[in-house]
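Thank you all for coming; I would like to walk you slowly through one structure today, starting from a single residue and ending with the whole chain. Please have the picture open while I talk.

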Amino acid sequence: MHPGWLFGLALTVSCSGPARPEETASQPERWDEQIALPLAEDLSADPNVLEVMLDAHLEQLELQEGVLTEMWTYNGGVPGPLLRAKQGDRLIVHFSNHLPEPTTIHWHGVRVPAEMDGSHAVQNPVQPGETFTYSFVLPDAGTFWYHPHINSAAQVGYGLYGPIVVDDPASPIVADDLVLVLSDVSLEEDGQLASSDESGWFGDYFGREGALVLMNGKARPTLKMRAGIPQRWRVINAARTRFFELVLPTAQVTRIGGDAGLIETPQDQASMLLATSERGEWLVTVPDSSVGRTYATFGDGDRFGLGFPSEQLPIIDVEVLGSEGAQPYPVPSQLRPFAELDLANLPVRQIELGEQLVDDVTYLAINGEVHQEGDHAGAHTHVAYVGDTEIWEVLNATEFAHPFHLHGFAFEILDLGGAPWPVREWKDSVNIPPGEVLRFVVSYDDRPGLWMFHCHILDHAELGMMAVLEVRPQDEKPSAHENH
Ligand code: C2O
Ligand code: CU
């Protein structure tokens, strides 16, 4: 093949990022056509604005061959369309709700102003037939996602979620980019959605995992890979409860990104593990010895602390083509600079994820408080101030795992279960195994308002494991004198 032809092909299939050097080969022709998600149409002529319509409505989708399932969708697809912009762009979303119930959209991991955050603490739900316009700047490059924040266990479980990719035009990574959204859905025998509260309290307490696992909304799509040439997989776990551990046997798997963009240095890993709502970016390279057909598999992360890995089942069929002598572009040893952390004299905020008995029913709670969506959002037990930096110490006092999520502010993990976190990176969601303590450091930039934090097993959030952090302007901070 003529290298110039390969170059041209690379330009047509890769969405963005730095120009590919001519000497590197691309992926096989139509490598991602069965799996790639549609892009939302940009209505704005301004190159620095992504302006899209999102319409939430019910739609018949063929998730399984020959069976139509009525799903809850954004723009008729599950997942919703890919929102792709570059760092610093403004995102404008004209949202309309054609669902049978109220909803909102939360921009998970994006550092939006509080009033754009979509949680019930900051926004009145968008009623059926009504519209709302979200508009904010995308300050960070990375892989994020969007989903409802009202009755979210049900609405996410029914199919409402979609990916956001914010590109850094100066990214040091050169590789073909693939956005992969993992989820699952629970169907009745007739192929229709099972009720979101099936098995009642037990479903909430143990979390509901749908038996049909979806990769970009499909049961087992096919992907083509060129041996020796990395693909950049941006993986999002959008399931309401399920954890995913992806394995591509024989592949070299190097983590380069996390919840909010690149990590400090590349990390070689045996598998790709994501608790619900976490994101990861990996360079995935298959060797020449894998040419032919193989498949990527998934297992469950260890939510109940049993200590052994679960069974691995196929999730993507992979067709591997020969390398034809192609040379991958080298991965830099440092991906992103991080400033020195100064932890001296930082205040420590103590949070306990636990259980609480109310009228003989066991709820899940944060510091003993059970939060329900209908609760008045003004009852703020957790207060912080703009400009401050704090350490959070979050204890999981229960017997199963909880992926902890903080809205609005990315944090850096210091340690988990006493073990130092292996790499510097920005996180907004992290799994805390049973009995363990997570410590992270967070700074509040100038976005005062009400920010939720909760377990991202949405069934657990529903059972009360949510709370609100009120970030107040610095000038409202009581002085040391007033404290006495
Ligand atoms: Cu992904 Cu509070 O949300
Ligand atoms: Cu939980």
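Predicted model: local features only at pLDDT ≥ 70, side-chain atom pairs only at ≥ 80, totals over all residues.

**One histidine and its surroundings**

Let me begin with His 382, which, if we set aside residues up to four places away in sequence, touches Arg 349, Ile 351, Asn 367, Phe 453, Ala 467, Val 468, Leu 469 and Glu 470, where contact means heavy atoms within 4.5 Å. His 382 lies in strand 22, residues 382–385; strands here are DSSP runs of E with at least two residues, helices are runs of H or I with at least four, and both are numbered from the N terminus. Is His 382 buried or exposed? Its relative accessibility is 8%, so His 382 counts as buried, given that buried means under 20% relative accessible area, exposed over 50% and partly exposed in between, with a 1.4 Å probe and protein chains only.

Residues are numbered from 1 along each chain as its sequence is written, chains are lettered from A and ligands numbered from 1 in the order in which they are written, and side-chain values use heavy atoms, with hydrogens and water left out.

Now to the metal: which residues coordinate the copper ion (ligand 2)? They are His 402 (ND1), Cys 455 (SG) and His 460 (ND1), at 2.0 to 2.1 Å; donors are N, O and S atoms within 2.8 Å of the metal (3.2 Å for Na, K and Ca), and since water is not among the atoms, sites may look incomplete. Because His 402 lies in strand 24 (residues 402–406) and His 460 in helix 4 (residues 458–462), the pair ties together parts that are 58 residues apart in sequence. Both of these histidines, His 402 and His 460, are buried.

Another place to look is Gly 301, in the loop between strand 18 (292–299) and strand 19 (313–321). Gly 301 is buried, with a relative accessible area of 14%, and, leaving aside neighbours within four places in sequence, is in contact with Phe 243, Phe 244 and Leu 273.

Finally, stepping back, the protein has five helices and 30 strands, and buried residues make up 56% of its 484 residues. Among contacts between residues at least 6 apart in sequence, 76% join residues at least 24 apart.
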